Amino acid sequence: QMQLVESGGGLVQAGGSLRLSCAASGRTFSTYAMAWFRQAPGKEREFVAAISWVGSSTVYADSVKGRFTISRDNAKNTVYLQMNSLKPEDTAVYYCAADGPLTTPQPLGIMWRQYDYWGQGTQVTVSS
């Protein structure tokens, strides 16, 4: 069982930056692929970014590529999402998700159904 707690959301002006953090419980964090999803009001949950269990592979949604960076610190059981050049359309609740434990390398998932554990979410609001 893994528990995920997101933090770092808030209100920011367009063009600004935020860094989201997701703290994970458990001693096997390094065997989980991690991802960020987001959900805006009235819209489906959408993929943002994912990172492999050792951090050597990442994948991004086209809408955030070049602006957002996902990273992880396995010693701290934490995954991060650095968000730069924020736009009003980035406004959403951001969720951290975990897929694992993995015993062999897997392609990074971009579908929410591929992830087993979810945090409660953190609100990001970008004003124009």
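User: What percentage of the residues of the chain count as buried?
Analyst: The model is a predicted one. A residue counts as buried when its relative accessible area is under 20%. Of the 128 residues of the chain, the share that counts as buried is 45%.

User: How many strands does the chain have?
Analyst: The chain has zero helices. From the N terminus on, its elements run β-β-β-β-β-β-β-β-β-β-β. The number of strands is 11.

User: What is the radius of gyration of the chain?
Analyst: The C-alpha trace spans about 45 × 25 × 25 Å along its principal axes. For 128 residues, a compact globule would have a radius of gyration near 14 Å. The chain agrees with this expectation, because its radius of gyration is 14 Å.

User: What share of the contacts in the chain with a separation of 6 or more comes from residues 24 or more positions apart?
Analyst: A contact here means heavy atoms within 4.5 Å. Among contacts with a separation of 6 or more, residues 24 or more positions apart account for 61%.

User: How much of the accessible surface of the chain belongs to carbon and sulfur atoms?
Analyst: The accessible surface of the chain comes to about 6700 Å². The part of this surface that belongs to carbon and sulfur atoms is 48%.

User: Which strand is joined to strand 9 by seven bridges?
Analyst: Strand 9 is largely enclosed by the rest of the structure, because seven of its eight residues are buried. The partner joined to strand 9 by seven bridges runs antiparallel to it. Ala-33 stands opposite Asp-99 in strand 9. The partner covers residues 33-39 and is strand 4.

User: Which residue in strand 11 is the bridge partner of Val-93?
Analyst: Strand 9 and strand 11, which covers residues 122-127, pair in the antiparallel sense. Three bridges make up this pairing. In strand 11, the bridge partner of Val-93 is Gln-123.

User: Which residue in strand 10 is the bridge partner of Ala-98?
Analyst: Strand 10 comprises residues 117-118 and runs antiparallel to strand 9. Two bridges join these strands. In strand 10, the bridge partner of Ala-98 is Tyr-117.

User: Is Arg-38 buried or exposed?
Analyst: The structure holds four salt bridges, and one of them joins the side chains of Arg-38 and Glu-46 at 2.6 Å, N to O. Glu-46 counts as partly exposed, with 35% relative accessibility. Arg-38 has a relative accessible area of 5%, and the limit for burial is under 20%. Arg-38 is therefore buried.

User: Are Lys-65 and Asp-62 buried or exposed?
Analyst: The side chains of Lys-65 and Asp-62 meet in a salt bridge, with 3.1 Å from N to O. The term exposed requires a relative accessible area over 50%. Both Lys-65 and Asp-62 are exposed.

User: How many residues apart in sequence are the parts that Arg-67 and Asp-90 tie together?
Analyst: Arg-67 forms a salt bridge with Asp-90, and their closest N and O atoms are 2.8 Å apart. Arg-67 lies in the loop between strand 6 (58-60) and strand 7 (68-73), while Asp-90 lies in the loop between strand 8 (78-83) and strand 9 (92-99). The pair therefore ties together parts whose separation in sequence is 23 residues.

Conventions:
Residues numbered from 1 in each chain as written. Predicted model: local features only at pLDDT ≥ 70, side-chain atom pairs only at ≥ 80, totals over all residues. Heavy atoms only, no water. Buried < 20%, exposed > 50% of the residue type's maximum accessible area, 1.4 Å probe, protein only. Helix = DSSP H or I, 4+ residues; strand = E, 2+ residues; numbered from the N terminus. Pairing = 2+ DSSP bridges. Rg over C-alpha atoms; globule rule 2.2 N^0.38 Å. Areas by Shrake-Rupley, 256 points an atom, 1.4 Å probe, with all protein chains shown as cover.
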